[in-house]
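Subject: Structure handover

Hello,

My notes on it come after it.

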Amino acid sequence: MDTSLESKDLAAGYANLKVLDKVTLGIKRGELVVVLGPNAAGKSTLLKTLAGLLWPLGGVVYIDGIELTGLRPTEIAKRVGLLLTDRLRMSRMTAMEVVSMGRYPYTGPLARLSERDRLVVRECMMLTGTLELSERPFDELSDGQKQKVMLARALAQEPRVLILDEPTTHLDPRNRVEVCLLLKRITETKGISAIASLHDVELALRIADKLLVVSSGSVALYESPEEFVYAGGVGDLYGFNRYLSFDERTMTIEVRANSQDDDKLAVFVIAGGGTGALVYRALVRQGHRVSTGILHSNDVDYSVARGLGIEVISEKPFEEIKPETFASGKEALMNADVVVYTNPPLGTINALNSELVRFAHSSGKTVINVDVNRKFWIQELLRSMSEASTSVKRNHLIRRSLYPGLVY
Amino acid sequence: MSSNRLTVTIVLAGIQPLVIIWALVMGSVDVTLGQLLEILRVGPTGDIASRVVWEIRLPRTLGAWLGGCSLAIAGIMLQVYFRNPLADPYILGISAGSSLMVALVIFGGFTLGIMTSPYDPYALFMGSLAGALMASVLIVSISIVTNRHTVILLAGLLFSYLAYSITTIVQYLVDIERFRAYVFWMFGSFGGVKWSLLIPASIAMIAASLLSIALAKPLNALLMGEDYARSMGVNIRVTRISLILFSSLMASSVTLLAGPVGFIGIAVPYVSRSILRTSDNRYLIPFSALAGSTITVSADVLARTVISPVELPISAITAMIGVPLIIALLLKERGI
């Protein structure tokens, strides 16, 4: 039996509200499937139905080929483990007592643990890295530790399938990644299948074997995250707009530049080789109108800049900068108030960028030199930018005072 | 750690005979320990001391013992189920329902033609049980339509207000003699416990208490909330129905024997959690049962001896013992 979790024509929802219809899917042994979808699309409803917490409105769910609704609660518990978002408080319970509760379907009426039960509990705590927390009160653990303990508890049920509903929502980035990696390791080493909904698209694309996308009442299964990305799925799903964009190559979401503020400056950044990425983000965040060049379109700076919605003067990969491209670079530079030079590594194909810097100096532009390898480069950049901003404004004022009528 | 919990529980169980003997000795009629043992050995005779022990002190002490045990268990179960440390049978309207039906029985002769006299103790039992079940059915129905515990608790509270307001109207309309009988009942006292009442109530309380221990395991899982509990194999429906059934059976038995006895249901589970330092209901239920018995029997003894021969309402005593105890515990440690 290769397929652990299967559904056929499943309709999920509540008595008076059908949320999802015609859900047919199969999850193989050891696979990690991530469920994506906008809020209120029905991710939780689907997961609860697959876990047997909600009765299907139609269709069937099979666990290891056995129909879920035909099983008694304890029989389901031996096959399906659950992890939810909830921030639990379990007053006066130790981590190990919480994990031991996972043995519920195996223990007798007084829940006494057998030798084997104890062994499984220890093993699951070891696997999740929580064994050293055993005697700690559950309530005193961090959110990340709590979720790992709760995961150990689900594993103690010795399930074939793990169902996780936004298990990382309350966690900090590091714990978020840790829990996801833990999940991935468990599916790989123990042959447990997992289906998890995540809010974090970027993380989902990095860990998922397959993607299950829930939107407008139904689901679509993608065999790999890449398939989903190249089908333009991320943009369709989350409806990105002029503020947000998704870059397919770096699999990142960017906040676009969209400043209409006249007070801000037009900045031309001469970058390349990854020296520009952080500078772009800082300038865009400050609200400046940024353009950049001359980048090769296989440069990481190019991807980041495009994601941020910055105007890019670019050249084809691995080709020397052509005279036309250089000319448009000069033009873009002339339109800017300030030029930022990020000291990119220069080789034969982008050597003209140093020419561009010289041109900026000779045409009287303020040139800010940034070395991103220096410790306080960002403070320096921001200080230079605000100085530039006052001097540019003064220039505007001087220009206006030549025509007194305009000032008064 | 768990062996400590067991030891404490066993010690508490061990002192129960002493508590009961103490309660039987105390009172306005002097009975020495030797006399008491002799009276108990010989069985009921027409002698004054023997009648005091057999007809008054023994039934009321046993009633208080079982009643305290029942209230504590019902309190624990409802607190875990509603995930609220303030839940007790009163908040759910079970006692208000009992009071209403008892009032209807006493004042209205509302006995469905089964009983001949409205003062018949079994009529009161039926009334009290009917009222408690009425309140429970209401609470469970509401808990089926909504999973919001605030709504469920509020519903219980509102039902209580409604039941008490009807009770007030009924009280207002009836004659003074029946009114006094009712007010006496409402004060709450184990003084009126008769063997004829005690035996059916004991059967209900003992059965419900023993069955409640079987609920310890699902109740532990319910500490994580219903979704998690279900995912670990708890049959929520069966658990919820038996839990409500048992606690209403226990609460109505107590209400029948003594009228509404406040505070045990909240205070004892809390105190037990603090002493045992656990939320594990497998330890909490037996320990709370014994602690509830001890406290209730002691409160009953105080109620009838403090300003003897006048009796104080037992709820007043339980609150007077309980409130300072809880405040002390709260100050001693943080969190619940």
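This is a predicted model: local features need pLDDT of at least 70, side-chain atom pairs count only at pLDDT 80 or more; totals for chains, interfaces and linings use all residues.

Residues are numbered from 1 along each chain as its sequence is written, chains are lettered from A and ligands numbered from 1 in the order in which they are written, and side-chain values use heavy atoms, with hydrogens and water left out.

The chains

Chain A has 15 helices and 17 strands. Helices (H or I, at least four residues) and strands (E, at least two) are DSSP runs, numbered from the N terminus. The C-alpha trace of chain A spans about 90 × 50 × 45 Å along its principal axes. Its radius of gyration is 28 Å, whereas a compact globule of 408 residues would have one near 22 Å. That radius is taken over C-alpha atoms, and the globule rule is 2.2 Å times the number of residues to the power 0.38. In chain A, 49% of the 408 residues count as buried, which is to say under 20% relative accessible area (1.4 Å probe, protein chains only). Of the contacts in chain A with a separation of 6 or more, 66% are between residues 24 or more positions apart. Contact means heavy atoms within 4.5 Å.

Chain B has 15 helices and zero strands. Its C-alpha atoms fill a box of roughly 60 × 50 × 35 Å along the principal axes. The radius of gyration of chain B is 20 Å, which agrees with the value near 20 Å for a compact globule of 336 residues. Buried residues are 54% of the 336 in chain B. Residues 24 or more positions apart give 76% of the contacts in chain B with a separation of 6 or more.

Two packed helices are described by the angle between their axes and the distance between the axes. Axes are lines fitted to C-alpha atoms, for helices over the stretch in contact, and angles run from 0 to 180 degrees between N-to-C directions.

How do H2(B) and H4(B) lie to each other? Helix H2 (residues 16-25) of chain B packs on helix H4 (residues 48-82) of chain B at about 140°, with the axes 9 Å apart. H2(B) and H4(B) are therefore oblique to each other; angles under 35 degrees count as roughly parallel, over 145 as roughly antiparallel, 65 to 115 as roughly perpendicular and the rest as oblique. The residues in this contact include B:Ile20 and B:Leu24 of H2(B) and B:Leu58 and B:Trp65 of H4(B). They divide into six nonpolar, two polar and one charged. Here Ala, Val, Leu, Ile, Met, Phe, Trp, Tyr, Cys and Pro count as nonpolar, Asp, Glu, Lys and Arg as charged, and the others, Gly among them, as polar.

H2(B) also crosses helix H14 (residues 281-305) of chain B, at roughly 15°, and the axes come within 10 Å. H2(B) and H14(B) are therefore roughly parallel to each other. Among the residues in contact are B:Trp22 of H2(B) and B:Val297 of H14(B). This contact has six nonpolar residues, four polar and one charged.

H4(B) packs in turn on helix H12 (residues 236-258) of chain B, at about 145° and with the axes 9 Å apart. B:Gly67 and B:Met77 are among the contact residues in H4(B), and B:Phe246 and B:Met250 among those in H12(B). The contact of H4(B) with H12(B) divides into 12 nonpolar residues, four polar and one charged.

Regards

Notes. Buried means under 20% relative accessible area, exposed over 50%, partly exposed in between (1.4 Å probe, protein chains only).
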